[in-house]
Amino acid sequence: MALLNIEKNLVGVDQGFDELILPLLDSTGFSVAYFQILNDHNTGKLVVDDLVELRRWSTGLLNIQGRTINEVDGTVHIIGKHEAYANIPMQLTTRAPNTQGIPKWCRNYLVAPTGRRFVALDIGSAEPRALAGVADDEKLRMAISEGLYESVGNSLLEHTGIVIPRKLVKVLLLGFLYGQSAQGVGNTLSEMKLTNELTREVFLALHSLFPKSTSLLSQVSKMQVAFLQGRPSMIDVSDKRPNQRRSYLASSIIAALVKRWATRLIELNPEIWVHEIPRDALWLSIPEAETDETVLNQGILALKQAINDCKFQFPIDEHIMTIKRLGGQV
């Protein structure tokens with residue numbers, strides 16, 4: 001009965017999202033300056049190493065579902081078909097291309113609606129924060145507040161004597177979260193050309209850094225039901241692999257939190273339009289006169305409200321959120 005009540009409460013939390021955000025996502029979409037991409041490439045202003053990727057985007061934009069071509073300003077307008085509950089963690093997915101699938105070089109060609117500009121709000125270390133909260137892991141919480149990847153890198157150096165680049169530390173930590181094997185760690189660190197013995201040392205050191213989180217993830221990987229949004233559900237996952245089961249722990253929390261965050265944000269400021277939700281971020285357009293600082297502060301306030309609404313333990317600190325500008329003058 002308790003589980004039924006929990007699921008009923010979560011439906012209520014999502015109701016505002018279904019009414020306010022999904023219609024917005026399925027109507028505003030985003031635009032890409034298609035002809036400008038081709039012109040810049042042909043004149044040498046845009047150099048893309050992967051020509052296959054360029055051809056895929058330059059031709060694919062004209063054929064994808066939900067697109068509208070504006071021949072006057074040379075843009076392709078894309079509208080994603082969104083589904084909020086397409087998988088076990090109840091993440092938001094799209095059946096048409098979304099912003100998360102746009103290569104970084106192409107993001108400079110995003111065109112915001114007239115009088116507006118694109119920005120992205122990103123939650124820093126979202127999944128480790130979710131894990132720290134649900135596992136009540138003070139060591140992980142402290143590492144996040146100190147700067148997660150730097151802290152983990154220093155700890156691994158202390159335990160193994162090996163200096164690991166920050167970009168690889170980030171991959172290792174996400175691998176730890178999702179059940180990466182010792183062989184997987186070796187693949188991640190392949191460019192460092194470590195021996196199998198040293199790779200094994202890194203693997204063991206990584207699992208020893210946060211005992212509470214390691215223990216909970218191990219328990220979840222053996223459960224026959226999905227561990228969703230901080231507690232066991234009634235969804236049978238006996239046919240899933242152990243690493244899939246443990247992946248639901250954090251991803252289900254982030255999925256629920258981000259949906260509520262989007263709703264709270266536009267309740268705070270109706271002039272904000274949500275165009276896409278790539279996992280732990282919001283891609284927005286805002287009035288040109290709106291400052292980044294104002295939107296960032298509103299984003300943080302809305303996230304705090306969403307955490308309270310969902311009743312999650314989710315650590316907040318000065319690194320919680322960043323704002324980035326998207327799109328360029330084309």
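Reader: What counts as a salt bridge?

Author: A salt bridge is a side-chain nitrogen of Lys or Arg within 4 Å of a carboxyl oxygen of Asp or Glu. Lys and Arg count as positive and Asp and Glu as negative, while His and the chain ends are not counted. The model discussed here is predicted: local features need pLDDT of at least 70, side-chain atom pairs count only at pLDDT 80 or more, and totals for chains, interfaces and linings use all residues. Residues are numbered from 1 along each chain as its sequence is written, and side-chain values use heavy atoms, with hydrogens and water left out.

Reader: Which side chain of opposite charge is nearest to Asp40?

Author: A residue is buried under 20% relative accessible area, exposed over 50% and partly exposed in between (1.4 Å probe, protein chains only). Asp40 is buried yet has no salt bridge, and the nearest side chain of opposite charge, that of Lys45, is 4.7 Å away. Asp40 belongs to helix 2, residues 34-42; helices (H or I, at least four residues) and strands (E, at least two) are DSSP runs, numbered from the N terminus.

Reader: Which side chain does Asp40 join in a polar contact?

Author: A polar contact is a pair of N or O atoms within 3.5 Å; within protein, one must be able to donate a hydrogen and the other to accept it, and residues adjacent in sequence count only if both atoms are side-chain atoms. The side chains of Asp40 and Tyr109 form such a contact at 2.9 Å.

Reader: Which residues line the largest cavity?

Author: On a 1 Å grid over the protein atoms alone, a cavity is a set of points where a 1.4 Å probe fits but cannot get out, and lining residues have an atom within 4 Å of a point. Grid points are joined across faces, edges and corners, and a volume is the space filled by probe spheres set on the points. The structure holds 1 cavity of 30 Å³ or more, and the largest cavity has about 40 Å³ of space. Its lining consists of Pro128, Leu131, Leu140, Leu173, Leu174, Phe176 and Leu177. Helix 6 gives the most to this lining, with 4 residues.

Reader: Is Gln229 buried or exposed?

Author: Gln229 is buried, with a relative accessible area of 6%. This residue is found in the loop between strand 8 (225-228) and strand 9 (231-236), and its phi is positive, near 50°, in a residue other than glycine.

Methods
1 Å grid on protein atoms, 1.4 Å probe; cavity = no way out; pocket = protein on both sides within 12 Å on 5 of 7 lines; lining within 4 Å.
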